[in-house]
Amino acid sequence: MTDSRRRAEISGGGFAGLTAATALAQRGWTVRVHERARELRAEGAGIVLWNNSLQVLDKIRAGPDLAARSMTPPAYETRMNNVIQSQEVLEGVRWRTLTRPHLHTCLLTAAREAGVEILAGSEVVGATPEGTVTFASGETAEAELVIGADGVG
């Protein structure tokens, strides 16, 4: 018997790729994420997430884990040369600040719990409109949906 579920191949194991992968897997898709780096990692320091992002994280069930190691500061500040340029108290606005590695870990956990197959060291080098994905190894795969979420690289 063959697997009749729809298949998605996603290039990129960062925030966007893992979010899309989790959402699809939770809806019954068979999903593989291909990350060209040898290991999955998040770079950078902090990040602010606003309500629209937090709603997406709630939908893919990554919200509770994220909330455990994030915070809503008392005010939103804009600084230049370490001098506060503006400071706003955002009453009634849902937002959180956290480290990028923590966000990445929350997304990776949600993806794995949803059954997403994650392949590090797997570089996508091309895709056709018909859904054929080509890898640096020369191998190919077929999918109903191909997503390029490879960031600025």
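The model discussed here is a predicted one.

**Overall build**

The protein chain contains four helices and eleven strands, and its C-alpha atoms fill a box of roughly 60 × 30 × 25 Å along the principal axes. Of its 153 residues, 34% are buried, while the accessible surface comes to about 9,400 Å², with 49% of that area belonging to carbon and sulfur atoms. Among contacts with a separation of 6 or more, 65% are made by residues 24 or more positions apart.

**Charged pairs**

The chain carries 16 positive and 18 negative charges, whose mean positions are 5 Å apart. Side chains of opposite charge can pair when their charged atoms come close. The count of salt bridges is four, and the table includes three of these pairs.

| Pair | N to O distance | Relative accessibility |
|---|---|---|
| R32 and E9 | 3.1 Å | R32 18%; E9 1% |
| E77 and R79 | 2.8 Å | E77 30%; R79 44% |

The salt bridge between R32 and E9 links distant parts of the chain, since R32 belongs to strand β2 (residues 30-35) and E9 to strand β1 (residues 7-11), 23 residues apart. R32 is buried at 18% relative accessibility, and E9 is likewise buried, at 1%. Both residues also take part in a network of salt bridges that includes R7.

**Aromatic pairs**

Three aromatic pairs are found in the whole structure. In one of them, the ring centres of Y76 and W95 are 5.7 Å apart and the ring planes stand at 75 degrees, so this pair is edge-to-face, the angle being over the 60 degrees that this class requires. Because Y76 lies in strand β4 (residues 76-80) and W95 in strand β6 (residues 95-99), the pair ties together parts that are 19 residues apart in sequence. W95 is buried, with 4% relative accessibility, whereas Y76 is partly exposed, at 28%. Ring pairs join these two residues and W50 into a cluster.

Key:
Residues numbered from 1 in each chain as written. Predicted model: local features only at pLDDT ≥ 70, side-chain atom pairs only at ≥ 80, totals over all residues. Heavy atoms only, no water. Phe/Tyr/Trp six-rings, centres within 6.5 Å; stacked < 30°, edge-to-face > 60°. Helix = DSSP H or I, 4+ residues; strand = E, 2+ residues; numbered from the N terminus. Buried < 20%, exposed > 50% of the residue type's maximum accessible area, 1.4 Å probe, protein only. Contact = heavy atoms within 4.5 Å. Areas by Shrake-Rupley, 256 points an atom, 1.4 Å probe, with all protein chains shown as cover. Lys, Arg positive; Asp, Glu negative; His and termini not counted. Charge placed at Lys NZ, Arg CZ, Asp CG, Glu CD. Salt bridge = Lys/Arg side-chain N within 4 Å of Asp/Glu carboxyl O.
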